[in-house]
Amino acid sequence: KAGANLSAYITEQRMKNAVKILKENPNIKIAELSERCGYENVNTFTRQFKQYTGTTPSKYKTFFNGEA
């Protein structure tokens, strides 16, 4: 019904959650963020985050921390 497979839907929800957490807590460590979003592997999380947002979690974090 949603027009996407279950895996893509789950990834999208995880990424929306990651962006929300980063905006609320820009000082969070990427490993903790990855774990809170349900990823065991930080590299997988980072790769999917970059596909979703167009940038890495670290750069996104820096942007919202007012350092960009």
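**Notebook: aromatic rings, core and surface**

**Entry 1. Phe45 and Phe49.** I looked up the burial of two phenylalanines and found that Phe45 is buried and that Phe49 is buried as well. I use buried for under 20% relative accessible area, exposed for over 50% and partly exposed for what lies in between, with a 1.4 Å probe and protein chains only. Phe49 counts as buried because its relative accessibility is 0%.

I note the basis of these entries. The model is predicted, so I take local features only at pLDDT of at least 70 and side-chain atom pairs only at pLDDT 80 or more, while totals for chains, interfaces and linings use all residues. Residues are numbered from 1 along each chain as its sequence is written, and side-chain values use heavy atoms, with hydrogens and water left out.

**Entry 2. Ring pairs.** A pair of aromatic rings is described by the distance of the centres and the angle of the planes. I found three aromatic pairs in the structure. Phe45 and Phe49 make a tilted pair, with 5.8 Å from centre to centre and 45 degrees between the planes. My criterion for Phe, Tyr and Trp (its six-membered ring) is that centres lie within 6.5 Å; planes under 30 degrees apart are stacked, over 60 edge-to-face, and the rest tilted. Phe45 and Phe49 are separated by about one helical turn because they stand four residues apart in helix α3.

I then turned to Tyr60. The ring centres of Phe49 and Tyr60 are 5.5 Å apart and the planes are at 85 degrees, so this pair is edge-to-face. Phe49 belongs to helix α3 and Tyr60 to helix α4 (residues 57–64), so the pair ties together parts that are eleven residues apart in sequence. Tyr60 counts as buried, at 15% relative accessibility. Ring pairs join Tyr39, Phe45, Phe49 and Tyr60 into a cluster.

**Entry 3. Surroundings of Phe49.** Which residues does Phe49 touch, not counting those up to four places away in sequence? I listed Met15, Ala18, Val19, Leu22, Gly54, Thr55, Thr56, Pro57 and Tyr60. Contact here means heavy atoms within 4.5 Å.

**Entry 4. Nonpolar core.** I looked up the largest nonpolar core and found 13 residues in it; those with the most contacts inside it are Ala18, Leu22, Leu33, Cys37, Phe45 and Phe49. Helix α1, α2 (30–36) and α3 (42–53) each give two or more residues to this core, and α1 gives the most, with five residues. I count as a core a set of buried Ala, Val, Leu, Ile, Met, Phe, Trp, Tyr and Cys residues joined through side-chain atoms within 4.5 Å.

**Entry 5. Whole chain.** I recorded four helices and zero strands, in the order α-α-α-α from the N terminus on. The elements are DSSP runs numbered from the N terminus: helices are H or I, at least four residues, and strands are E, at least two. Of the 68 residues, 26% count as buried. Among contacts with a separation of 6 or more, 51% join residues 24 or more positions apart. The accessible surface comes to about 4,800 Å², and 47% of it belongs to carbon and sulfur atoms. Accessible areas come from the Shrake-Rupley method with a 1.4 Å probe; for residues, only the protein chains shown count as cover.

**Entry 6. Salt bridges.** Side chains of opposite charge can pair when their charged atoms come close. I found two salt bridges in the structure, each being a side-chain nitrogen of Lys or Arg within 4 Å of a carboxyl oxygen of Asp or Glu.

Lys16 pairs with Glu12, the closest N and O atoms being 3.4 Å apart. Both residues lie in helix α1, four residues apart, about one turn of the helix. Lys16 is partly exposed at 41% relative accessibility, and Glu12 is partly exposed at 33%.

Arg36 pairs with Glu32 at 3.9 Å, N to O. These two lie in helix α2, four residues apart, about one turn of the helix. Arg36 is partly exposed at 46% relative accessibility, and Glu32 is partly exposed at 41%. I also noted that Glu32 and Val42, ten residues apart in sequence, are 9.0 Å apart in space, C-alpha to C-alpha.

Entry 7. Where does Ile10 lie? I placed Ile10 in helix α1 (residues 6–24), and at 37% relative accessibility Ile10 counts as partly exposed. With Leu6 and Tyr9, Ile10 forms a nonpolar patch on the surface, with about 300 Å² of accessible area together. Patches are made of residues with over 30% relative accessible area and no salt bridge; like charges are joined within 9 Å, and nonpolar side chains (Val, Leu, Ile, Met, Phe, Trp, Tyr) within 5 Å.
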